[in-house]
Amino acid sequence: MQELIVAKDYKHNDALRKSFSDLASQIFGIHFEEWYQKGFWDERYIPYSLVQGDQVIANVSVNLLSFLINGEKKKAIQIGTVMTHPDFRKRGLSAKLMNLVLAEYENQYDFMYLFANDTVLNFYPKFGFQPVEEHQFSMPFTPGPIKNHTRIRKLDINQAEDLDLIAQYAAQRVPVSERFGTDNCPGIFMFYALYVFSQELYYLEEEGVIVIYKQEGDCLHLYDWLSKQKISIHALLRKLAGPETKKIVFHFTPDEEGLETESESLNTGLFVKTNGEIPYPVHVKHPMTSIA
């Protein structure tokens, strides 16, 4: 049997990239090729793989980004796309790659974290990761009187002009929350734009904001927005909500003064490893559109 060797950051190697994407499709049902071809696979997403020839056998990916915690930036590393080909499981390959990543990035982060599925919850504590509870924020909402509505244009990712606009905003955005937000992760956002929320992207040109939201019954789900400057959530909701809206669900940590939110605890499979004395913040929600 041909020896397994380590390969990393090989996005421009067509054979390895295709094998990586094929394995991700097989394991998770996700694809990477369009994301790469459109230029959104940047230097902050780094796969560490064990390969046999041109075939990716196992992988642990590193995502380099920043946290904003109470207005202060912290270095963060998010682990994702942890996978092993079914024919090579139970050989310790993921553990080997995890140890490699931990050694390579030692003392280069304030927080290292990941979101695990239910089948591997006992795996990550072996490497110093601890489970963390998240919170989902929501609030009741009463629409105001109908006024001249701001023009809201649905964006089409198949139109180059619209996709370029989204990418520009993703690269220049401010975090949605200073209490707890993420930064320096436009590539992850564009993955969601292409594959998850392609039908929920809207542009409010007058306000200079791109919003991801969905109305389901009387509930408006606010997933994220892209703006180059701080905006008011109150003002945004008044423009987005319809007469049927009675509840807002936030898929991030809202921090605007005057928002009377309630929250419920969530077990999302979040595991965190800290490097130093700074604790991971409590009673927060990691932004959905930067989960790798």
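Trainee: Which residues do ring pairs link into a cluster?
Mentor: In this predicted model, the cluster joined by ring pairs consists of Tyr10, Phe20, Phe32, Trp35, Tyr36, Trp41, Tyr45, Phe191 and Tyr195.

Trainee: And how many aromatic pairs does the structure hold?
Mentor: There are 32 aromatic pairs in the structure. One of them joins Tyr10 and Phe20, with ring centres 6.2 Å apart and planes at 75 degrees.

Trainee: Why is that pair of Tyr10 and Phe20 called edge-to-face?
Mentor: The planes of Tyr10 and Phe20 stand at 75 degrees, and an angle over 60 counts as edge-to-face.

Trainee: Where do Tyr10 and Phe20 lie?
Mentor: Tyr10 is in the loop between strand E1 (5–8) and helix H1 (14–28), while Phe20 belongs to helix H1, so the pair ties together parts that are 10 residues apart in sequence. Both Tyr10 and Phe20 are buried.

Trainee: What about Phe67 and Tyr280, how far apart in the chain are they?
Mentor: Phe67 in strand E3 (residues 55–69) and Tyr280 in the segment after strand E15 (270–274) are 213 residues apart, and their pair links distant parts of the chain. The arrangement of Phe67 and Tyr280 is edge-to-face, at 6.0 Å centre to centre with 70 degrees between the planes.

Trainee: Are Phe67 and Tyr280 buried or exposed?
Mentor: Both Phe67 and Tyr280 are buried.

Trainee: On to charges. Which ring does the charged end of Arg17 sit over?
Mentor: The charged end of Arg17 sits over the ring of Tyr36, 3.8 Å from its centre. Tyr36 is also one of the cluster residues. Elsewhere, Lys228 lies over the face of Tyr169, 4.7 Å from the ring centre.

Trainee: Now the helices. At what angle do H4 and H5 pack?
Mentor: Helix H4 (residues 160–172) and helix H5 (residues 186–195) pack at about 150 degrees, and their axes are 9 Å apart. The crossing is right-handed.

Trainee: Which residues make the contact?
Mentor: H4 contributes Leu163, Ile166, Ala167, Ala170 and Ala171, and H5 contributes Pro186, Phe189, Met190, Ala193 and Leu194. By class, the contact has 10 nonpolar residues, with no polar and no charged ones.

Trainee: Last topic, the backbone. What is phi of Thr81?
Mentor: Phi of Thr81 is near 50 degrees, a positive value in a residue other than glycine. Thr81 is in strand E4 (residues 72–84) and, at 13% relative accessibility, counts as buried.

Trainee: And where is Asn184?
Mentor: Asn184 is in the loop between strand E9 (180–183) and H5. Its phi is near 60 degrees, also positive in a residue other than glycine. At 26% relative accessibility, Asn184 counts as partly exposed.

Definitions and conventions. Residues numbered from 1 in each chain as written. Predicted model: local features only at pLDDT ≥ 70, side-chain atom pairs only at ≥ 80, totals over all residues. Heavy atoms only, no water. Phe/Tyr/Trp six-rings, centres within 6.5 Å; stacked < 30°, edge-to-face > 60°. Helix = DSSP H or I, 4+ residues; strand = E, 2+ residues; numbered from the N terminus. Buried < 20%, exposed > 50% of the residue type's maximum accessible area, 1.4 Å probe, protein only. Lys NZ or Arg CZ within 6 Å of the ring centre and 35° of its normal. Axes fitted to C-alpha atoms, helices over the stretch in contact; angles between N-to-C directions. Left-handed = near helix turned anticlockwise from the far one by under 90°. Contact = heavy atoms within 4.5 Å. Nonpolar A, V, L, I, M, F, W, Y, C, P; charged D, E, K, R; others polar.
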